[in-house]
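Hi everyone, thanks for coming.

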Amino acid sequence: MRIVAANGWTLARRLVLRAGVRTIMESIPKGGDVMSFGKMLSAAALCNVMFTDGAGADTPTLSTFGTPGIVELPSAGRLNDGELGFSVATTEQSLRNTATFQVFPRVYGSFRYSIIDKFSEVVGTRFDRSFDVHFSLLDETETRPALAFGLRDFLGTGVYSSEYLVATKNVTDTISLTGGIGWGRLAGRNTFDNPLAPLGFDESIRDTVTTGQGGQLEVGKWLQGPASFFWGVDWDVTDKVSVQLEYSPDLYGPETVVGAFNYSSPVNVAVQYKTNFGLNFRGFVIAGENFGVQFGYVFDAKEQVIPGGREPAPYPIIPRRNLATASWNVDGPTGTVDVLRSRLGTEGLALAEAEISPTSATIFIRNNRWNVEAQAAGRAARVMANTLPPQIEDFTVIFQERGVPISSIATKRADLEELQYVFDAAWRTRARADVSDANRAGVGAPQLTYSLTPYSAFSFFDPQSPIRVDIGPQLDIGYQAAPGLTLDARFRYPLVGNLGDGVLESDSVIERVRSESFLFARESDFEVNLLTAEYLWRPSADVFARVTGGYLENQFGGVSAEMLWSPIDSRLALGAELNYVRQRNFDMLLGFQDYDVVTGHTSVYYDLGSGFHTQLDLGRYLAGDWGGTLTVNREFNNGVKVGGYFTLTDVPFADFGEGAFDKGLRVEIPLTFVTGQPSRRVLSQAIQPIQRDGGARLNVENRLYPLTRDYRGAELTDGWGRYLR
């Protein structure tokens, strides 16, 4: 009976999954890579539930602040390295939405967006953004608890600003105890003198006034003022059900002053139900009188939802003695190329040209399907081995993007035949293959592409409306007139939405290059989103160049020129970009406003190893300000990417306005991660706390580093385990 039930459940899950995946696939524009964050998480959660038995059952309890903890208090626990946690906790007075990422094995960071109703008589409802960071100092042993230090709301307005030193010990298999010392919001009840006073920290009453503009590091407040103890217990009643109880010193001062929050007890309690899929649900009571509910979801960004993927297995390599029989109806060299083009097309690889000699063959291809480029190279090599005459021994695959060669992979036919079934073929084929720079002219015939798809444009964290969106049809047209020369057009028509409903005029004291974005949405109907001519070429070995002219983005048009030096086998790449642009009219048609600017950056890209990539851009921004942007991304072998950036320029924090300086987070999840099917589409969402004018950069399509990086030596090698898959 168990077997029958299990098989029935598996069948049901697969049927639901197929319907869900089909819906997800159809909702993504074929010509675009962006998908809403909510839909992205829904897709990941759906596939995790459908395919995972028991995964996520050991995930830690997430507090109402979205971090490992008890009810509201933090614990010394942490997520597993590379895991992402999402939490939504709501009470009658507040709503907290938190994303937590275990950046390093001992460090996690969180971004939180809170809506606090009746926060004060002056502000009314507050829309608050805050960041946390947590450091695991010691791991638990048989005789010692785990120990951690954290900063809550260290980069925000300071509504929840607090610091803590916390210890957690598992006293039995089902019960863990947590105790700690808190400052700031965690030092409101039964306070005592600051134990760090001998080290020079202040023990007087801490200034709890929030920072009006937000976004600044309030280092001068950290660990200052009196302190309080807190404690809690987490009890796993069953494998699914747990109970949390804690003593919190937080007096909820700002909330209780206006009578929107009832406080009668320092004890908080919660009951949680965990699923086997990383999902958890719970109800809780805060301060004795405030009931709330919470939803949490944790998934491992390192693991593929479907191990190994769901792509069809590659065709086995036909023995050479059988090739003559297999190709008896091929009509000479022209017929061979036609068969080669057809078979490569079946593998999602577009053949631009083939150069065939008596003993060698070179093909120029564009990868339209595979998110692991080494797998695309392996599939192409197999097709060559099963199509070309047996006397051809040397195979070369050259990857092109927009008609420009990027990298070359040379392989011996005999190596493919010998190693296709060998256990350790991955590293042996890489050792024998020659990966080099493809420094030559591009090839290919003129090509016209077009697509009509739905689009969605989002705006986040407007104080009047936290989420704004426009939805409508989008027409993309591309014409590759010659290798490297491409004409692109993108037209949009918003059918429904509220991007243009903002009523607050910009209060910016510098050039208004982004703070009036809502006016572009308000004043436009039919939108010329993009209209450009672009030329890419290879000036020399390891060097790429680009010139783009036209309506470069929805708010600026002009000319953009870029050059990139990217050695095939180096972790380092250097780039430079120079632009002259003019601000477009608010109707987003063909007219321009008076403002123009010369902007540009020099860029340093470096692969730190272990999946960490950095980018430093230094130069002039759209508002004429000078400064730099540092971006750090963590990327996993399955393509999932989580990163963040911040920009500092010569614009003072006070002139910048709300947020103090430009910063943001970004999550990218390949569609193949949630479906198992090979695809180059990406589910992507940027989370920007606020977009002002300082540090604003021009948005240009096809910047050279992201266009070429995945086909260079280091990235190809990282995915070589799938070369023969």
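How many aromatic pairs does the structure hold? There are 20 of them, and please keep in mind that this is a predicted model.

Let me start with tyrosine 252 and tyrosine 263. Their ring centres are 6.2 Å apart and the planes meet at 45°, so we call this pair tilted. What I like here is that the pair links distant parts of the chain, with the two residues 11 apart. Tyrosine 252 is in the loop between strand E11 (241–247) and helix H3 (253–257), while tyrosine 263 is in the loop between H3 and strand E12 (267–274). And how accessible are they? Tyrosine 252 has 3% relative accessibility, which is under the 20% cut-off, so it counts as buried. Tyrosine 263, at 24%, counts as partly exposed.

Now over to tyrosine 297 and phenylalanine 299. Is this pair stacked or tilted? The centres lie 5.7 Å apart and the planes are at 20°, so this one is stacked. Tyrosine 297 is buried, with a relative accessible area of 3%, and phenylalanine 299 is buried as well, at 5%. These two also belong to an aromatic cluster, together with Phe86 and Phe673.

Last topic: charges over rings. In one case, arginine 152 has its charged end over the ring of phenylalanine 65, 3.8 Å from the ring centre. In another, arginine 538 lies over the face of phenylalanine 544, and here the distance to the ring centre is 3.9 Å.

That's my tour, and I'm happy to go back to any of these residues on the screen.

Definitions and conventions
Residues numbered from 1 in each chain as written. Predicted model: local features only at pLDDT ≥ 70, side-chain atom pairs only at ≥ 80, totals over all residues. Heavy atoms only, no water. Phe/Tyr/Trp six-rings, centres within 6.5 Å; stacked < 30°, edge-to-face > 60°. Helix = DSSP H or I, 4+ residues; strand = E, 2+ residues; numbered from the N terminus. Buried < 20%, exposed > 50% of the residue type's maximum accessible area, 1.4 Å probe, protein only. Lys NZ or Arg CZ within 6 Å of the ring centre and 35° of its normal.
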